[in-house]
Amino acid sequence: MLNVEGLNQYYGGSHILRNLSFEAKIGEVTVILGRNGVGKTTLLKSLMGVVPIKTGSIKLDGQEMGKERPYERVKRGVGYVPQGREIFGRLTVEDNLRMGLAYKSGSTPIPPETFELFPVLKQMINRRGGDLSGGQQQQLAIGRALAAGPKLLILDEPTEGIQPSIIKDIGRVIRMLADRKTMAIVLVEQYYDFAEELADQYLVMERGEIIARGRGSEMQANGVRELMSI
Ligand SMILES: Nc1ncnc2c1ncn2[C@@H]1O[C@H](COP(=O)(O)OP(=O)(O)OP(=O)(O)O)[C@@H](O)[C@H]1O
């Protein structure tokens with residue numbers, strides 16, 4: 001579904017992503033782990049087209065999208081939940097969700113399922129995004145990314161700064177979305193237990209390279225937790 005081949009990315013003279021290759025399959029959660037500054041966010045931004053790639057290929061359903069602009073990738077079916085959520089604090093919850101539908105016709109409704117997945121968004125529909133708690137904002141950011149019905153959902157550290165009960169809710173939603181087998185999910189995460197619970201496949205990054213990979217069920221046996229704490 002998502003095929004990344006030989007991806008290289010630079011900030012000025014710094015070589016940030018080094019020849020990355022991996023596949024993310026439909027119905028699976030692909031977890032990307034690694035310590036601060038190894039290039040995880042840069043990888044997701046490259047997948048989304050927020051930063052241009054230098055060389056390499058990014059294919060969705062066999063079609064190259066590595067040179068496309070972010071909005072074109074959204075149209076193709078990529079949903080993005082950025083680090084820090086980036087919701088619009090002055091807009092209402094409803095308008096934030098509508099942002100996820102921006103490229104569709106004005107009459108396209110917010111999918112009712114959004115409120116089944118995240119009932120709190122229904123309760124808060126007329127509140128401003130900035131009035132929501134961190135966890136509620138994260139749910140809003142995921143709802144916004146899901147609004148257009150993506151085939152690939154990319155999440156950048158959705159547990160960051162969020163209380164445990166909401167982390168559980170978010171984990172349940174991610175698992176449920178993967179199990180429907182309609183989308184591939186790529187999740188960057190530093191919270192090891194959350195990552196291990198959700199991973200069908202894992203990749204560990206170190207200084208812009210993938211240094212370990214395998215099936216989620218093998219993470220413990222392969223010492224991934226220890227790898228993260230070295
Ligand atoms: N806009 C930028 N310009 C120059 N260097 C950058 C820029 N953004 C990130 N970097 C550098 O690129 C490297 C990778 O950063 P990146 O944010 O992708 O790492 P990360 O693994 O996501 O870390 P974190 O978990 O802290 O978000 C770091 O050395 C960082 O300092």
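A residue is taken to be near a molecule if its C-beta atom, placed from the backbone, lies within 6 Å of that molecule. The model is a predicted one.

Q: Which helix contributes the largest share of the shell around the ligand?
A: The ligand is surrounded by Y11, I16, G34, N36, G37, V38, G39, K40, T41, T42 and Q83. Three residues of this shell come from a helix that spans residues 40-48. That helix, with the largest share, is α1.

Q: What is the radius of gyration of the protein chain?
A: The protein chain comprises nine helices and 10 strands. For 230 residues the globule rule gives 17 Å, and the chain is close to this, so it is as compact as a globular protein of that length. Its radius of gyration is 17 Å.

Q: Is D61 buried, partly exposed or exposed?
A: D61 is located in the loop between β4 (55-60) and β5 (63-64), and it has a positive phi of about 50° although it is not a glycine. A residue is buried with 20 or more other C-beta atoms within 10 Å and exposed with 12 or fewer. Because D61 has 13 such atoms within 10 Å, it is partly exposed.

Key
Residues are numbered from 1 along each chain as its sequence is written. This is a predicted model: local features need pLDDT of at least 70, side-chain atom pairs count only at pLDDT 80 or more; totals for chains, interfaces and linings use all residues. Helices (H or I, at least four residues) and strands (E, at least two) are DSSP runs, numbered from the N terminus. The radius of gyration is taken over C-alpha atoms; the globule rule is 2.2 Å times the number of residues to the power 0.38.
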